[in-house]
Each structure stands twice: as structure tokens, then as C-alpha cells.
Amino acid sequence: MSKYDIERIRNQMKKNQAGRFRDPLEFRPPKVEAGKTLKFKFFVLPPLRKGDKVVSGQCSQSMEEYFCVKTGGHFINNELLTCPRILNNEECDLCTYAFELMNETDDKEKRKKIAKDFLPRTTHMMNLYFLPSVPNPQDLQGKVLYFNAPGQAYEPMEACINRDNAGGDSDNPQPFGVFFDETASFPYQLEIGHKGGYNDYTKSTLLYGGGARPIAASDAEIRAILDCRIDLFSKIPEPNTAKIASIVNKLKSFSGFDVTEPKDDTPVEPASRSEPESRIENKSIANERPYEEKPKSSVVVESHSSDDGGDDDEVDPEIQALLKKVAKK
Ligand SMILES: [Zn+2]
């Protein structure tokens, strides 16, 4: 008899086989079925500064004054590649490639498909504190988690910041200003419905309630909540521009485009920012020279739906045919 519990090991094995690594600190909204609605209530927590206490130790870099970090990733070869365009406003070869493809066709459906296959999904990453009450399920009550909020869920937050007052309707006052101030905050209600096969977040809203209020009853409780925040930057892999360039080269050669050899002066960004623990071993195509072998379909592009949390694990079989079609135009 081993001192290790075989049942627990088997359970863990099943979990590991079930899909990609799931970060227990990330809130991933469940997929909502047609005709159903799910609600969650939380406070969005204030931005972190470098050195602040976080759940894993100290925060690695400051979030300026803003409560969230805008990010996005391309899902290629079963790996999420951070998009340098969205994260840092820098050129992204994959985005450029997608825009080029889109420019070559007027077919709306085709353009939509290219966007879905190649363009990253923009999300807004933030720390949440789930209220210790319903409608939150018990396992979420009182928890601090981070959330990659899709655009629909982010919009009410932006609108709130842009409001200077509660509005003219005293029967229906609107939350306004810095809704994420831990001493004067408005709770957020995430309401998830279903639309066309995807989660729909458009009914989500910040709640005025009795007006702005502290996120907990005492300073000590507030402090304890803030100290559980997550260093968001540690959850975003550094954009790997060399790998992205290599993938684009493969896609181009496969689809009949001219293959441009990588320029020697192309800056290869080292993956310097705190290496994420979930990074998969870099044995893939990043280190291959794209012109060393005949192009083949080694780049697997996976579609992700726009708002299901990037959970779509299906490999898209149509993409290669599509690429051929589009490239020959
Ligand atoms: Zn990109």
C-alpha cells in the first residue's frame, strides 16, 4: 500500500487528460445553454502597483492607474500566443497576415472566418472579489480570482468611468466614476445568457444599490481581500515574436504565398518577463527555419469563438482549404 492515494492520483490523471491546464485562480464563466441565464456578483478590485502584496508574493509590475490589462492571444498549435499588437501596440505578423487575407476578399463570410481563425480575441484582465452571498455559487463566495472579461462584459465598466454623476433619474440612479475603489465601490452583476451558440454578456451591469460602498465591513477585511489579488502580468506570456513570425512563414508557404526569409536584424524578443509556469516546452516550430523543408500542414490553426473564454478545443479542418482558396485569388 503506497502512502499516496491512488484514487486521488487517478482523478488527477483524468483531469489532466481532460484538456489544457486550468488555472484555479482564473474565473472562467461556464457555457450557458439556450434559454438559461446565470448571474454572478463581484467587486472589481483596484489596480496593483509593483511590490504590492499579491497571493503569490509581490506584484512584478505596476498596472498604471487602470483596473485592467488589455490582452489577447492567437490560439495556434494548441498554444495561446500573446498578441504583441493588443498587449503592447506593437506589430504582430499574424494579425498583419490575417488583415492581408481579409483584404483579398469581399466575401463577408470568408472575412468573418479569417478573423475568427487568425485574429486574437481581445480581453480585459482584472481581479475580482466575489461577494460572499447569492447569486454566487458557494465555491465562489468570498473568493478573489482574475477574469479575462470579454468586450461585452467590459463595456458597462467603461461607461461607468465616463459618467460624472448618477444621472437625472432619481428613481434609477446610475453608478458613476471609479467603481473599483475599495472604499467606495459599486458591485458588478455579470449576467450570462445565450445567443447563437455563444455566451452573451450584454445584460451585465454595475449596480448602484444604495450608492458606492466599501467592499467589506472593516479595513482589515478589505486589506485581506486586496492581498489576495493576482499579479496579472504573471499570467500573460511574453509575446514571442520569433515564433509568431515562424508560424506566419509556414502559413504563407503552405498557402502559396511567397515565403520571406527571416531577416537577420529581426529583433528576437527574449521571453524575459517572468516566465509563466504553464508554458509548454518550446520544442515546436519556433526553432525551425521555415525554408529548410517543404511546407506542410504542420501549423494547426484553431478557431476560438469570440466569447466562450477561448475554450473551444476543436481543430478547424476547413482552414487549409480556405487558405488555398484565398491565396489563389
Ligand atoms: Zn496578433
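Trainee: Is E64 buried or exposed?

Mentor: Keep in mind that this is a predicted model. E64 has 9 C-beta neighbours inside 10 Å. A residue with 12 or fewer counts as exposed. So E64 is exposed.

Trainee: What is the phi of E64?

Mentor: E64 sits in the loop between β4 (57–58) and β5 (69–76). Most residues other than glycine have a negative phi. E64 is not a glycine, yet its phi is positive, at about 55°.

Trainee: Which loop holds N89, and what is the phi of N89?

Mentor: The loop runs between α2 (84–88) and α3 (93–103). N89 is exposed there, with 9 other C-beta atoms within 10 Å. N89 is not a glycine, but its phi is positive, at about 60°.

Trainee: Which residue does a cis peptide bond join to V134?

Mentor: Most peptide bonds are trans. Here omega is about 10°, and the bond is cis. V134 is joined to P135.

Trainee: Where do the buried residues of helix α4 lie around the axis?

Mentor: In α4 (residues 108–118), the buried residues are K113, I114, D117 and F118. They cover an arc of only 105° around the axis, which puts them on the same side of α4. In an α-helix, residues three or four places apart point the same way, because there are 3.6 residues a turn. The answer is one side of α4.

Definitions and conventions
Residues are numbered from 1 along each chain as its sequence is written. This is a predicted model: local features need pLDDT of at least 70, side-chain atom pairs count only at pLDDT 80 or more; totals for chains, interfaces and linings use all residues. A residue is buried if 20 or more other C-beta atoms lie within 10 Å of its own, exposed if 12 or fewer, and partly exposed in between; C-beta atoms are placed from the backbone. Helices (H or I, at least four residues) and strands (E, at least two) are DSSP runs, numbered from the N terminus. The arc is that of the directions from the helix axis to the C-beta atoms.
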